[in-house]
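I opened the notebook to look up how the ligands are held. The entries follow the order in which I checked things.

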Amino acid sequence: MERKRVIRTLITFSLLAALVAVIVVSQNRDPSNPHTSVSKDTWIHGPKGHGYAVLNNQQPWKQCYTCHEKKGLGGEAYCQSCHDQSGVKVDIPKKPS
Ligand code: HEC
Ligand code: HEC
């Protein structure tokens, strides 16, 4: 009986440890953020950067704004304010209504 209890405790602890590990890892790396793994410069100016991503998937309202709004950055206005500052003229694809 004693042995069984020890094993059960061990299993409980390793499950807890695994859970903690998963939580820690997912805090550091948000798998749904498409631009955590590229440098800022590449993401802004690179040939496969955010402009390419947007023009390719054509759905920034679905793939970008939700998260940006959740993070307090804002939706299309956030994109546009930087484009204005950088002096680039961009037609961001609009959500069909
Ligand atoms: C899961 C969350 C998430 C998603 C999805 C997301 N973003 Fe972001 N984005 C962020 C956060 C957080 C920041 C601000 C912090 C940073 O610079 O990484 C940001 C910043 C940016 C910036 C400014 C980068 C800088 O360093 O100043 C651009 C450009 C951008 N996002 C474009 C996009 C585009 C385009 C999409 C969709 C294809 C997208 N994002 C989807 C979270 C997200
Ligand atoms: C921190 C500044 C910044 C933010 C934020 C930003 N952009 Fe841009 N964007 C740029 C710059 C600069 C360019 C010009 C491309 C270059 O310099 O290579 C650009 C270009 C683009 C282009 C055109 C790409 C091409 O090849 O014609 C699209 C589309 C675009 N951005 C969409 C977005 C969307 C959608 C968001 C918000 C989710 C966003 N951008 C947020 C700076 C930004």
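Below are my entries on each ligand site in turn.

**Conventions.** I am working from a predicted model, in which local features need pLDDT of at least 70 and side-chain atom pairs count only at pLDDT 80 or more, while totals for chains, interfaces and linings use all residues. Residues are numbered from 1 along each chain as its sequence is written, chains are lettered from A and ligands numbered from 1 in the order in which they are written, and side-chain values use heavy atoms, with hydrogens and water left out.

**Ligand 1, metal.** I looked up donors to the iron atom (N, O and S atoms within 2.8 Å of the metal, or 3.2 Å for Na, K and Ca; water is not among the atoms, so sites may look incomplete) and found H35 and H68, each through NE2, at 1.8 to 2.0 Å. H35 lies in the loop between α1 (2-28) and α2, and H68 in helix α5, so that this pair, 33 residues apart, links distant parts of the chain.

**Ligand 1, surroundings.** I counted 17 residues around ligand 1, with H35, K40, C64, C67 and H68 the closest; a residue counts here if one of its heavy atoms lies within 4 Å. By class, eight are nonpolar, six polar and three charged. The side chain of K40 has an N or O atom 3.4 Å from an oxygen atom of ligand 1.

**Ligand 2, metal.** I then turned to the iron atom of ligand 2, which H50 and H83 coordinate through NE2 at 1.9 Å. H50 belongs to helix α3 and H83 to helix α6, so the pair ties together parts that are 33 residues apart in sequence.

**Ligand 2, surroundings.** I found 17 residues around ligand 2, the closest being H45, H50, C79, C82 and H83. The shell divides into twelve nonpolar, five polar and no charged residues, and helices α2 (40-45), α3 (50-57), α5 (65-70) and α6 (76-86) each supply at least two of its residues. In the side chain of H45, an N or O atom is 2.6 Å from an oxygen atom of ligand 2.

Conventions: A polar contact is a pair of N or O atoms within 3.5 Å; within protein, one must be able to donate a hydrogen and the other to accept it, and residues adjacent in sequence count only if both atoms are side-chain atoms. Helices (H or I, at least four residues) and strands (E, at least two) are DSSP runs, numbered from the N terminus. Ala, Val, Leu, Ile, Met, Phe, Trp, Tyr, Cys and Pro count as nonpolar, Asp, Glu, Lys and Arg as charged, and the others, Gly among them, as polar.
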